[in-house]
Structures are given as C-alpha cells and as structure tokens.
Amino acid sequence: STFSGLADLHFIGRREGYYGGTRLLMATCKRFQELCTSRGIALPSKNFTLRYDTNIPRQVGLAGSSAIVNSVFQALMKFFNLSEEHIPLERQPSFILSVESELGIQAGLQDRVVQVYQGLVFMDFDAQHMKEKGYGRYERLSRSSFDWLSSLPFFIAYEADPSDSGKIHSN
C-alpha cells in the first residue's frame with residue numbers, strides 16, 4: 001500500500017480498518033489460481049500489478065467488496081486471455097462469493113450475479129437446481145421493459161461511521 005502521508009494512512013485506516021481492500025486482491029488472485037488449476041487451465045507465468053480505487057462507501061450494503069473482487073476477476077480473465085468457454089458466466093458469481101466467504105465476509109449471490117451479468121437479471125435460486133448445478137438460473141432481462149423505473153426517484157442512505165453490514169447477511 002502507498003500513502004501520501006501519515007494523515008492519509010490515518011484516514012484510510014479509520015475508513016477501512018486494518019483489513020482494507022488489499023486482502024480482497026490477494027484472495028481473488030489466490031482463488032483464481034486454484035480455480036484455473038481445478039479446471040485444468042495452465043496459466044503462464046507473467047508479472048502484473050494490481051491496484052484499486054473505489055468510491056463505494058464501506059459497510060452500507062452496496063456490494064463494494066464484491067465489486068472489487070469482480071473487477072479483479074475480470075482483469076485476470078482478460079490478462080490471461082480467458083473467456084466464458086474457460087469459466088462459464090453462470091459460475092462466475094459463485095467464484096466471487098467464494099472469495100468473500102474465504103475472508104469471512106457475509107454475503108449472498110444477488111449482487112454478484114448482477115455485477116457479472118451487468119444489467120437487469122432474473123434470478124432463481126431454486127434449492128434443487130443450486131444443489132444439482134452449483135448455481136442458480138440467471139437470465140438477462142431487456143432494459144426496455146423497465147424504462148418506467150427511470151421515472152422513479154433514487155435514494156442512497158449513507159452512514160459516515162457505519163456498522164458491519166455483514167451482520168445483516170448473517171441472519
């Protein structure tokens with residue numbers, strides 16, 4: 001990590017605690033290597049640098065950690081020239097959730113599905129289908145069928161000193 005000074009370190013430490021996003025980057029890379037190995041994908045030995053920046057507030061339930069994990073995952077896919085043929089789209093949200101679960105982050109699949117599919121998505125988490133396939137039924141929905149939503153007001157609640165949003169997911 002790089003800081004412009006002690007005040008910057010203090011600000012980031014207060015905002016992110018002692019964990020921050022670096023552990024998300026490392027865990028995503030670790031799990032990506034394991035996923036590729038388990039799928040018989042040989043990754044070439046290449047150097048790379050990862051860094052991130054986010055304006056998603058922490059601990060307010062806006063899926064900030066999964067957004068970082070998904071971004072790193074997509075960057076690794078592109079860096080190693082992998083496609084949905086290598087790691088199918090419907091399996092990608094579960095991978096992202098597995099990274100967060102390994103770090104003890106309480107979460108569900110919904111945010112990850114939307115991030116991977118990038119848009120409006122019908123999601124069915126039927127228990128039998130999940131057990132058999134390891135993922136839900138996901139279908140992209142046409143944006144035009146939801147144009148009426150743009151006429152509604154949009155609100156975001158923000159807490160400057162948030163509590164642990166994972167407590168809500170753990171219930």
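A residue counts as buried when its relative accessible area is under 20%, a cut-off that is needed for the first of the views below, which are drawn from a predicted model.

**View 1. Ser 66, a buried residue of helix α3.** Ser 66 has a relative accessible area of 0%, and is therefore buried. Leaving aside neighbours within four places in sequence, Ser 66 is in contact with Ile 96, Glu 100, Asp 111, Arg 112 and Gln 115.

**View 2. The largest nonpolar core, with 29 residues.** The residues with the most contacts inside this core are Phe 32, Phe 73, Leu 82, Ile 87, Phe 95, Tyr 117 and Tyr 138. Two or more residues each are given to the core by α2 (22–38), α3 (64–79), α4 (92–102) and α5 (110–117). In soluble globular proteins, nonpolar side chains tend to be buried together.

**View 3. The surroundings of Phe 32.** When residues up to four places away in sequence are not counted, Phe 32 touches Leu 43, Phe 73, Leu 76, Met 77, Phe 80, Leu 82, Ile 87 and Phe 95.

**View 4. A nonpolar surface patch of about 230 Å².** The patch is made by Leu 120, Phe 122 and Leu 141, and Leu 141 has its place in the loop between β2 (137–140) and α7 (166–169). With a relative accessible area of 32%, Leu 141 is partly exposed.

View 5. Confidence is highest in helix α6 (residues 127–133), at 94, and lowest in α7, at a mean of 54. Where pLDDT is low, the predicted coordinates should not be read in detail.

Definitions and conventions: Residues numbered from 1 in each chain as written. Predicted model: local features only at pLDDT ≥ 70, side-chain atom pairs only at ≥ 80, totals over all residues. Heavy atoms only, no water. Patch = residues over 30% accessible without salt bridge, like charges linked within 9 Å, V, L, I, M, F, W, Y side chains within 5 Å. Areas by Shrake-Rupley, 256 points an atom, 1.4 Å probe, with all protein chains shown as cover. Salt bridge = Lys/Arg side-chain N within 4 Å of Asp/Glu carboxyl O. Helix = DSSP H or I, 4+ residues; strand = E, 2+ residues; numbered from the N terminus. Buried < 20%, exposed > 50% of the residue type's maximum accessible area, 1.4 Å probe, protein only. Core = buried A, V, L, I, M, F, W, Y, C linked by side-chain atoms within 4.5 Å. Contact = heavy atoms within 4.5 Å. pLDDT = per-residue confidence, 0-100.
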